[in-house]
Every structure is written in C-alpha cells, then in structure tokens.
2 protein chains.
Amino acid sequence: MSDVPYRIYLSEEEMPHQWYNLRADMKELPDPYINPATMKEAKLEDLYPVFCQELAKQEMDNETRYIDIPEEVLNFYKIYRPSPLCRAYNLEKALGTPAKIYYKFEGNNTSGSHKLNSAVAQVYYAKQQGITSLTTETGAGQWGTALSEACAYFGVPLTVYMVKVSSQQKPYRKAIIETFGAKVIPSPSETTEVGRSILKKHPGTGGSLGCAISEAIEKAVTTEGCRYVLGSVLNQVLLHQSIIGLESKLAFEKIDEYPDIIIGCAGGGSNLGGLIAPFMQDKLLGKKNPYFIAVEPASCPSMTRGKYVYDFCDTGKVTPMARMYTLGSEFIPSPNHAGGLRYHGMSPIISKLYHDEYLNEARAVEQTKVFDAATFFAKYETILPAPESSHAIRAAIDEALKCKETGEAKTILFGLTGTGYFDMQAYMNYNEKKLTDYIPTDADLQKAFDLFPKIPGIQE
Amino acid sequence: MSDVPYRIYLSEEEMPHQWYNLRADMKELPDPYINPATMKEAKLEDLYPVFCQELAKQEMDNETRYIDIPEEVLNFYKIYRPSPLCRAYNLEKALGTPAKIYYKFEGNNTSGSHKLNSAVAQVYYAKQQGITSLTTETGAGQWGTALSEACAYFGVPLTVYMVKVSSQQKPYRKAIIETFGAKVIPSPSETTEVGRSILKKHPGTGGSLGCAISEAIEKAVTTEGCRYVLGSVLNQVLLHQSIIGLESKLAFEKIDEYPDIIIGCAGGGSNLGGLIAPFMQDKLLGKKNPYFIAVEPASCPSMTRGKYVYDFCDTGKVTPMARMYTLGSEFIPSPNHAGGLRYHGMSPIISKLYHDEYLNEARAVEQTKVFDAATFFAKYETILPAPESSHAIRAAIDEALKCKETGEAKTILFGLTGTGYFDMQAYMNYNEKKLTDYIPTDADLQKAFDLFPKIPGIQE
C-alpha cells in the first residue's frame with residue numbers, strides 16, 4: 001500500500017475561504033443571457049424580480065476571480081465540510097488496474113449530495129436581503145433536501161415543486177424535505193398558470209425539471225417578498241460549487257499528486273463545474289493539462305446530442321435565454337429513467353468550455369451500465385452511490401480498465417456527488433432486472449429542436 | 001467561537017490499532033454464561049457450534065487488555081473511519097446553554113451506523129476460519145446492512161432474519177441489504193423450527209429481535225460450514241465497538257478536553273459499551289470520574305424496569321444464558337414502537353457496570369420526545385439522526401438545558417450512532433402526529449418476568 005491515506009481531509013484552517021469564479025479566467029466568456037421580453041441582452045436589473053440582488057450580481061460577474069465566502073456560510077460549511085478526497089484502493093484492487101483512482105465524496109451530509117454547498121449560500125443571501133420566503137424545484141430530490149436544510153437553519157419558509165414522477169418514486173425524499181419544515185408540491189400542479197396549462201396539454205405527464213422550474217418561478221414572482229432559487233445550471237451555483245474543486249486541489253497538494261483525468265456527472269453542470277473549476281484554471285493558464293470528461297445519461301444527452309443554441313432555461317419560457325447545449329426546453333426524458341440528471345440543457349459555462357474544447361469529452365451512458373458500476377463500487381468502497389454520481393463512477397471504471405490494457409498508471413479523479421439512500425426503488429428495480437434503457441431517437445430529438453426560440457439577428 | 005473546530009478528525013496514523021477490552025479492568029467481572037443444556041457454567045467449546053473460534057475466544061477473554069486489530073480489518077476501517085468527533089456549536093446556540101456539547105458521529109458509512117465496526121471484524125474472523133456462510137438477525141436494519149456490506153467485501157454469503165415489522169416498515173432497508181447481495185427473510189418465518197412454533201403461537205406477530213436471533217442461530221447450527229454473528233449484546237461486539245470510545249478519547253486529547261457527562265443510547269449495549277469503554281477505564285482506575293448515562297426507550301425499558309437475573313439471550317432459548325438486566329426473553333415491545341432499541345436484555349458488561357454503579361444512570365424516554373429531539377437536532381446540526389441515536393440526543397439536550405438553569409459549562413459527549421435515512425416512515429408518522437407512546441404496565445412486565453429460567457442453585 002502507498003503512503004497516501006484512504007481518506008484525505010483538510011483541517012478546518014485549511015478550508016478555502018473564497019469561492020473561485022472560473023469566468024474570470026476563461027479565454028472567451030459564455031454568450032450573454034437574452035431577456036425573452038425584449039429579445040435583447042439581459043441586464044442585471046432584469047434578474048432582480050427572480051433572484052435576490054447579491055446572487056444576481058454573482059450571476060453576471062465575469063471578472064472577480066475570488067469571492068469571499070460569508071462567515072455565516074463558512075460556519076455552516078464547517079458542519080459538514082471539508083468533504084474527504086478518497087483514494088479508492090479497494091476499487092483499484094478489484095479492477096486490477098494500475099490507475100490511481102480518487103473521488104471527492106460530497107455525500108456525507110443529510111441532503112446526501114453536493115447541493116448543500118450552494119443551498120446554504122443562496123438562502124444566506126436571500127435572508128440578508130430580507131426575503132421572507134423562497135421557492136424552488138427538485139427532481140431527484142437532492143436539491144430540495146439541501147435547500148430545506150438550509151432554510152430550516154436560517155429560518156426561511158420554503159415551497160418545493162417536486163417533479164411528480166420523482167415524488168412518486170421517492171416518497172421518503174418528500175418526507176425528509178417536510179421533516180425540515182418545507183412544503184412539497186408535486187409538479188405539474190394546479191397551483192400555477194404554467195402547471196395548469198401543462199396538465200391540460202399532457203394530462204398524464206410525470207413532469208420535468210424544466211416544468212417544475214417554471215412553476216417555482218411563477219410562484220416566486222407572484223408572491224410578495226418571495227424569490228426563486230435554483231440548484232444547478234446557473235453561474236452562481238457553479239461559483240458556490242467551486243468549493244468542491246478547491247478542496248480537492250488542496251488535498252492533492254497535500255499528497256503531492258495531480259489528476260490526469262477528471263470526471264464529473266453532468267445534469268445541469270453544478271457538480272462538474274464545481275469540481276473542475278480550479279483544475280480548468282490550470283489548463284486555461286497553461287500550467288497543467290488534465291483531461292476532462294463530462295458524463296450524462298443516454299436518455300437525456302444534452303451535450304452529446306443536443307445543440308449549442310439559445311434556449312429557455314425553463315418550460316414556462318420566462319427566464320432569460322441562455323446559449324447552451326440543449327435538447328429543447330420541452331424535452332422530457334423517458335419516465336423509466338431512474339438515474340437523475342434529467343435537465344434539458346447544460347450550464348452555459350460548461351457548454352462554452354465544451355464548445356471551445358477545454359472540456360475534452362462528453363460521454364453518454366445507459367442506466368443499466370450505470371447501476372452495474374454503482375453496485376460494483378458499493379461492494380468495494382462500501383458507499384451506496386446516488387444514480388447521478390454513478391455516471392461518473394461508470395466512466396472512472398472504464399478509464400481505469402483502459403489503463404489496465406495499456407499499463408498506464410494514470411491518476412483519475414471523479415466526483416462522487418452523493419449517496420443513493422433515497423434511490424432504493426431504482427436499486428430494487430435494478431436488482432429485479434426491471435431497469436431498462438431508453439435512448440431517444442433522432443426524430444424524438446428533432447421534435448424538441450424544432451421548438452428552439454427564434455431571436456431576431458441571433459438565431460432565426 | 002472557540003478554537004475547537006466543528007469536526008475533529010484523527011489522521012489515519014493516529015487511528016487506534018488495538019481494541020480495548022474493558023473486562024480486563026473491571027473490579028468484578030460479569031457473571032459467567034450458563035449453558036442451558038447442562039445448567040453449568042459455559043465453556044469455550046460450548047460456543048464453537050454457534051460462533052467461530054476467534055470470536056468465541058474474544059467472548060470469553062476477561063484478561064487481555066488490548067487486542068490487535070487485524071490488518072485487513074484496519075484497512076476496511078480506513079474506508080470509513082476515523083469518524084468525526086463533532087462540536088455541536090449550533091445546537092448549543094439554539095439551546096442557549098453554557099454546556100459544551102460533543103457527539104461522536106458514526107453514521108458516515110452506507111450501513112448508516114456504528115454496527116459496521118463489529119461486522120467487519122466478525123466476517124473477517126469467520127472467513128479466516130474457512131466458514132462458508134453466515135446468518136444473522138436484524139431489527140431496525142442497521143446491523144443487517146452493515147453485515148451485508150462486510151460480507152460483500154469479503155465474499156461470504158449471508159442470510160438475514162429481519163424482524164417482520166421492521167421489514168414492513170422499512171422496505172428499503174431490505175432492498176439495500178439485497179443490493180449488497182444478502183438474502184433477507186422476514187422473521188418469524190417458516191424456514192426454521194422456532195419460527196414455525198412462534199407463528200403457531202402468535203400468528204399475527206410482528207416479530208422480535210429475540211425471535212429473529214433464534215431463527216438465525218437455528219439456521220447456522222443446522223447448516224454445514226455456517227456460523228451465526230450478532231450485532232450487539234455480546235462481549236466481542238463491545239470489544240470491537242471500543243474503537244468508538246478510543247477514537248473519541250484521542251480526539252478529546254487533541255483539543256485538551258475531557259467529558260463530564262457521557263451519554264449513549266442503549267438497546268443491546270453495543271454503542272454505549274464501545275463509546276464509554278476507555279472513559280470507564282479512567283473511572284475504574286480512579287483517574288477521572290465522568291458521569292455515564294444510558295438512555296433506553298420507555299417501551300422497552302430493560303435497565304430501568306427489568307431485573308438483573310440470568311436470562312436467555314434469544315427467544316428460542318438455545319444460546320448460553322447471561323446474567324443481565326432483562327425484561328424476559330419473551331418480551332416484545334409494542335408494534336407502534338418506531339425507535340429501535342427493541343432488545344429484551346442488555347449487554348452483560350453494561351448490566352454489571354450499572355448494577356455496581358459505575359454506570360451512573362439509566363433513563364427511559366418516550367418516543368415522541370425522542371423524535372422532538374431528533375428534528376430539533378436535524379435543524380441545527382443538519383444531520384437527520386436515527387431514532388435509536390436520538391435517544392441519546394434527547395438526554396444530551398436535557399442535560400444541556402439543566403446546565404442552562406444552573407449556569408454550569410459542563411462538557412457533554414454523546415454517541416450519534418447513525419442516520420435516519422431508512423426511518424422516514426417513522427418520521428412521516430411523527431410529522432403527521434401519528435406517533436404515540438406506549439409504556440408497558442407493571443402487569444405486562446410481570447408476565448414476562450414469570451418466565452425467567454430456573455437454574456438450580458443459582459436462580460430458583
């Protein structure tokens with residue numbers, strides 16, 4: 001065995017005190033948001049009805065390289081951070097690979113995922129501004145749980161629109177969010193205009209993240225003192241999630257290592273963006289050249305099969321339009337898809353980095369292969385991973401097996417974003433061989449592509 | 001804020017390499033086991049049909065003070081240990097108490113509890129001896145999960161008899177055990193003599209831990225190359241669990257602190273015994289004088305209302321009899337009891353320490369008050385605790401509130417044995433005010449007391 005411990009923890013003093021804003025180092029910035037009401041570039045003020053001011057500023061700030069983490073947020077971080085960087089000795093041994101596999105484990109908190117990193121920040125800023133209630137959406141339930149924890153802690157009432165199929169597949173996710181005092185409404189619902197309209201059009205729908213976002217936003221903008229918060233996709237979220245990458249990089253410095261390959265699962269891009277941020281900085285500044293892989297579900301393949309165009313971030317088409325890899329805001333993944341990561345688009349930052357080939361590769365994987373990797377990993381690393389996280393495990397195992405063939409001892413880092421304790425129905429289906437794969441046809445995708453917004457002079 | 005960090009981690013090198021055997025320092029030993037077949041003191045060999053040899057030796061070893069942790073076990077420990085000693089700054093603040101509250105958090109592993117500490121050791125020794133399969137029982141499901149993890153890791157087939165009411169309340173516990181490859185049988189079952197006989201006598205029973213133990217033992221002794229392993233009560237288990245207390249004590253040394261009050265929940269006594277072990281050593285050797293509190297459910301009050309007598313450890317009455325605080329091996333807690341800790345007896349070591357007043361206090365609490373404490377704790381410490389663990393939280397909060405009255409800044413340590421992710425049905429019932437309390441009447445208890453075994457010359 002090597003001298004590297006199984007778990008590398010930073011001390012509390014070593015924890016980062018600032019988030020890192022990757023946009024400050026990008027060669028070219030993501031294209032600006034466009035306000036659908038004016039069809040012009042969105043201004044800071046355009047965001048104020050939806051987001052609280054400090055978060056709107058962070059959303060638009062392309063220059064400030066490091067942003068101080070407020071003390072109250074840092075104190076909350078200290079309850080569950082630093083998260084460990086783990087050396088997967090047992091997995092390596094089971095695979096018989098010469099590769100060194102590391103994972104940054106973000107599941108050691110009750111939300112069960114990295115989502116808490118941004119939830120705490122967003123609730124803190126909202127409370128600072130005197131916001132009296134918040135709304136959000138949740139798909140797999142990790143974001144809703146994280147936000148309910150942060151809201152309970154800071155004493156801010158919360159309403160969560162939960163994708164209906166998730167609320168059915170995961171009743172206990174709903175229960176835990178309620179235990180933290182938040183209100184859960186399965187989406188689409190009768191409580192909003194957009195929900196009612198979608199229910200009319202698609203009566204049996206299991207919902208989608210885009211639709212739940214629309215309902216949460218409508219509720220926020222029509223309620224006094226209420227704002228909307230989002231757990232992924234946005235620049236501000238990637239900023240807060242940079243804590244993952246910053247801690248990882250410091251931990252690697254402690255053991256005098258540096259990853260050759262960095263792998264993250266990608267739904268809206270929050271974990272991937274946070275994990276890679278400081279390593280991407282090294283690449284942008286020409287210091288290092290790690291190979292980045294984004295892994296997404298074959299049933300919701302925004303990067304591998306979507307288009308890099310302007311699109312709505314929500315089905316209700318009220319948010320600013322972003323240029324990103326997208327399957328179209330009306331794309332809804334097959335209801336049999338149990339693996340999370342069901343957002344139709346991808347973070348504009350991640351999209352731009354992928355388009356400009358700094359993010360080297362996007363890879364789509366089928367869910368049965370994802371659950372194969374998850375159960376194999378659980379057996380040797382004794383952590384039952386979330387299906388979302390298991391996309392990254394799949395790719396990490398595949399890369400390690402390539403190393404076995406070539407004999408290369410590459411250093412692989414992947415993000416283990418969370419635990420699968422609330423995904424047992426999916427694991428039961430997998431155990432009983434009831435889990436199937438679904439890959440949308442080109443014709444399916446084209447139908448959604450046809451609905452991309454038209455923007456005079458930009459996207460006709 | 002103090003200089004003590006929120007989370008105190010030992011480094012991998014600082015981790016204990018030996019378990020501590022508290023019996024070596026006890027002024028008087030627990031009374032010996034009695035073999036029900038001979039009504040005489042049980043010999044080492046009497047244990048061999050049930051336990052593997054090394055574990056039987058540990059069970060009987062009252063002398064060896066420190067026992068080396070085998071390297072393979074230590075390597076497994078390193079995947080999820082050391083567990084953090086946590087300073088509950090937020091809880092202190094929310095309570096407005098001058099007390100300093102610490103908890104040793106054992107929930108950061110997929111089994112969700114401290115049970116893994118002994119599971120790994122037991123499976124390792126069984127495999128060393130060439131045992132080809134194992135059986136066990138599980139109540140709340142933590143032990144079954146832990147053992148399934150250890151068995152998956154070491155490649156040993158496992159059958160788990162799960163208390164029927166638990167398997168119904170917690171289908172996902174069953175699913176996770178199955179995900180790790182073990183077979184789950186709700187108990188009482190038709191697969192054993194004792195199961196069939198209990199089903200005949202009590203057709204509608206939800207089962208009990210004692211009954212599940214009997215089935216698992218019968219299965220083990222009637223199957224070639226099979227042995228039984230148990231997650232609590234036994235001396236060997238308390239030995240393995242001493243890792244909890246040893247790590248806690250080392251962490252306290254790092255911050256130059258020592259607890260005035262040490263609190264553990266008590267079902268079979270595994271967590272309590274492990275947590276207090278090295279602190280009890282200090283007390284036995286006259287070095288320190290911490291105040292120990294065992295907390296048990298009011299619906300299964302073995303220490304506060306049971307008798308200190310010889311009793312069977314299992315309903316099937318095949319295991320050696322132990323002198324312990326017990327409600328009688330046929331005692332079954334009310335099915336509405338959701339809080340775990342449903343074993344009829346108490347570890348002989350813990351029982352002896354309590355009887356001799358080294359363990360200062362046993363306290364029974366009602367489950368609604370336990371869940372009040374659990375949700376309060378979750379809000380401020382952002383960990384959703386297991387109902388079992390929440391018994392200790394209840395007492396810690398109550399002690400901290402006493403400090404608030406008296407102004408004393410006592411240092412309180414409690415064991416946070418696990419997480420409540422698989423107890424969401426109980427939390428849902430609590431949220432919906434459906435959780436009720438049940439305290440057995442003296443008449444209820446007397447009925448079970450009347451069935452204590454008669455042992456010529458010892459207990460007539």
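1. Glu178(A) makes a salt bridge with Lys174(A), with 3.3 Å between the closest N and O atoms; a salt bridge here is a side-chain nitrogen of Lys or Arg within 4 Å of a carboxyl oxygen of Asp or Glu. The two residues, Glu178(A) and Lys174(A), lie 4 residues apart in helix H8 of chain A, so about one helical turn separates them. Helices (H or I, at least four residues) and strands (E, at least two) are DSSP runs, numbered from the N terminus. Over all chains the count comes to 52 salt bridges.

2. The model is predicted: local features need pLDDT of at least 70, side-chain atom pairs count only at pLDDT 80 or more, and totals for chains, interfaces and linings use all residues. Residues are numbered from 1 along each chain as its sequence is written, chains are lettered from A and ligands numbered from 1 in the order in which they are written, and side-chain values use heavy atoms, with hydrogens and water left out.

3. On the interface: 39 residues of chain A are in contact with 39 residues of chain B, contact meaning heavy atoms within 4.5 Å. Between them the chains bury about 3,900 Å², of which 61% is on carbon and sulfur atoms. Buried area is the accessible area (1.4 Å probe) that two parts lose on being put together, summed over both.

4. How many salt bridges are there between chain A and chain B? The count is 0. Residue pairs in polar contact between the two chains number 16, both residues being at pLDDT 80 or more. A polar contact is a pair of N or O atoms within 3.5 Å; within protein, one must be able to donate a hydrogen and the other to accept it, and residues adjacent in sequence count only if both atoms are side-chain atoms.

5. Five helices of chain A each supply at least two residues of the side that touches chain B: H3 (71-80), H6 (142-154), H8 (171-179), H15 (367-381) and H17 (424-431). H8(A) gives the most, with 6 residues. By type, the residues of this side of chain A are 21 nonpolar, 11 polar and 7 charged. Ala, Val, Leu, Ile, Met, Phe, Trp, Tyr, Cys and Pro count as nonpolar, Asp, Glu, Lys and Arg as charged, and the others, Gly among them, as polar.

6. Chain A superposes on chain B by a rotation of 180° with 0.0 Å of shift along the axis, at an RMSD of 0.0 Å. Asn108(A) has the C-alpha nearest the axis in chain A, 3.0 Å from it. Both copies use the same surface, since 100% of the contact residues of chain A recur in chain B.

7. In chain B, 7 strands form an open sheet of mixed pairing, in the order E1-E6-E7-E17-E12-E13-E16; two strands pair if DSSP finds at least two bridges between them. Strands E1 (7-8) and E16 (361-365) of chain B are the edge strands, each pairing on one side only. E12 (residues 261-265) and E17 (residues 411-416) of chain B run parallel and are joined by 3 bridges. Ile261(B) stands opposite Ile412(B) in E17(B).

8. Some backbone points to check. The peptide bond joining Arg81(A) and Pro82(A) is cis, with omega about -5°, and Pro82(A) sits in the loop between H3 and strand E6 (85-87) of chain A. The bond from Arg81(B) to Pro82(B) is also cis, with omega near -5°. Glu357(B), not a glycine, has a positive phi of about 65°. Most residues other than glycine have a negative phi, and most peptide bonds are trans.

Conventions: Copies are superposed by least squares on the C-alpha atoms of residues with pLDDT of at least 70 in both.
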